[in-house]
Amino acid sequence: MTPRNGISLNLTTDLPNNPVDEQALYIFAAIVLFFTGFFGFFLNLLVILTVLKNMNVMWTSNNIVLVNMAVGDMLVGILGNPFALVSAIFGVWYWSDNVCLWYAWFMSTMGFASIGNLTVMALERFLLVTCPTRTLSIRYAYILVVLVWIYALSLSLPPFFNWGKYGLEEGNISCSVSWEQHDLENQTYIGFLFIFGFIVPMIIIISSYCGIIHILRNTSKRIHSSRRNKKEAKVTKMVLLMIIAFLIAWMPYAVLALAIQYFNVQSSHIMVILPALLAKSSICYNPVIYASLNMQFFNAWKRIFRNVNWRKPNKDSMAMTTMNKTEMKTLNQISPSRMEIN
């Protein structure tokens with residue numbers, strides 16, 4: 001096939017030049033990306049639909065931020081992962097340079113939005129524990145959601161204005177910030193990302209949870225005697241687990257990117273692809289945490305799946321259904337006056 005934008009799409013040319021272990025790595029990456037995209041999309045969609053279906057009880061300030069995060073994770077699963085999946089199948093970035101640019105921007109924006117949502121949730125938990133009589137209003141939750149996306153865009157848009165660069169990653173199946181570029185503009189942009197996109201949010205999150213733990217320890221007797229406080233403590237635990245899962249997913253990728261940019265660490269395909277796959281899999285973690293620790297989601301999902309009839313109808317049930325329909329048709333033919341007499 002004819003090369004496009006300097007990338008050959010000839011499968012017989014590209015793949016045999018890759019060592020056997022790299023071909024196996026690309027196959028493994030394709031499998032992981034498929035399941036990550038599939039479950040990331042449907043699990044987060046289930047979260048969104050659950051909240052919308054039970055808005056009268058579940059449309060709270062905390063759940064608004066949860067839905068905001070679920071929307072971003074769902075978009076990654078349906079709009080981001082397929083591009084990397086196809087590229088992993090071919091063992092090379094399959095798409096054009098422009099698609100690489102927009103893919104890198106989109107995935108960066110979604111990643112920064114995730115950490116922004118987690119920061120807002122940590123602050124919301126801290127304020128709720130310190131001031132239990134005052135809760136975040138729905139109106140302010142909407143404002144914070146908008147601010148999260150402004151924050152994410154302010155971190156991801158500078159490369160379009162010649163500050164920093166987006167490009168193909170070392171693994172050749174996805175695009176991101178050009179960590180390997182060592183010019184002054186790119187170095188300052190990457191420093192800006194690490195300070196405001198990772199370090200500052202982590203300081204806020206860690207400080208919030210240190211404050212929460214300190215307050216909960218000092219008021220443990222009152223916490224255990226109040227049903228409401230027990231519920232809030234459980235929600236706080238849920239948010240903490242979401243943050244830990246986010247760090248486990250993104251920390252190896254962040255450390256590797258920092259090492260490549262500022263310490264000139266030479267990376268191999270395996271060193272780049274595996275942390276990137278771990279980071280992309282983060283979209284599947286949060287729905288599992290919701291279901292296991294948030295009783296609202298657990299009970300709502302239990303009702304949904306309890307009402308689903310998983311068994312195939314047998315002959316007896318089909319006969320009963322036919323008889324019931326016949327009886328209903330007969331009743332409908334009875335005059336209203338006769339029904340009243342009976």
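Predicted model: local features only at pLDDT ≥ 70, side-chain atom pairs only at ≥ 80, totals over all residues.
User: Is helix H4 mostly covered or mostly uncovered, and how many of its 30 residues are buried?

Analyst: Residues are numbered from 1 along each chain as its sequence is written, and side-chain values use heavy atoms, with hydrogens and water left out. Buried means under 20% relative accessible area, exposed means over 50%, and partly exposed lies in between (1.4 Å probe, protein chains only). In H4, 21 of the 30 residues are buried, and the helix is mostly covered.

User: What counts as a helix, and what is the reach of H4 from its first C-alpha to its last?

Analyst: Helices (H or I, at least four residues) and strands (E, at least two) are DSSP runs, numbered from the N terminus. The expected span of a helix is 1.5 Å times one less than its number of residues. H4 covers residues 61–90 and reaches 44 Å, close to the 44 Å expected.

User: Where does H4 have a kink?

Analyst: The bend at a residue is the angle between axes fitted to the seven residues ending there and the seven starting there. In H4 there is a kink of about 40° at Asn81, shortly before the proline Pro82. After H4 comes Gly91, with a positive phi near 75°.

User: Which cysteines form a disulfide?

Analyst: A disulfide is a pair of cysteine sulfur atoms within 2.5 Å. Searching the whole structure gives one disulfide. Its partners are Cys100 and Cys175, with sulfur atoms 1.9 Å apart. This pair links distant parts of the chain, 75 residues apart: Cys100 sits in helix H5 (residues 97–130) and Cys175 in strand S2 (residues 175–177). Both cysteines of the pair, Cys100 and Cys175, are buried.

User: Why is this disulfide called left-handed?

Analyst: The torsion about the S-S bond of Cys100 and Cys175 is about -115°, so the disulfide is left-handed.

User: What is Asn186 in contact with, leaving aside its neighbours within four places in sequence?

Analyst: Contact means heavy atoms within 4.5 Å. With those neighbours set aside, Asn186 touches Gly164, Lys165, Ser178, Gln181 and Gln261. Asn186 belongs to helix H7, and its relative accessible area is 0%, so Asn186 is buried.

User: And is Phe196 buried, partly exposed or exposed?

Analyst: Phe196 is partly exposed, because its relative accessible area is 42%. Phe196 lies in H7, residues 184–218. Beyond its neighbours within four places in sequence, Phe196 is in contact with Tyr151, Leu155 and Pro201.
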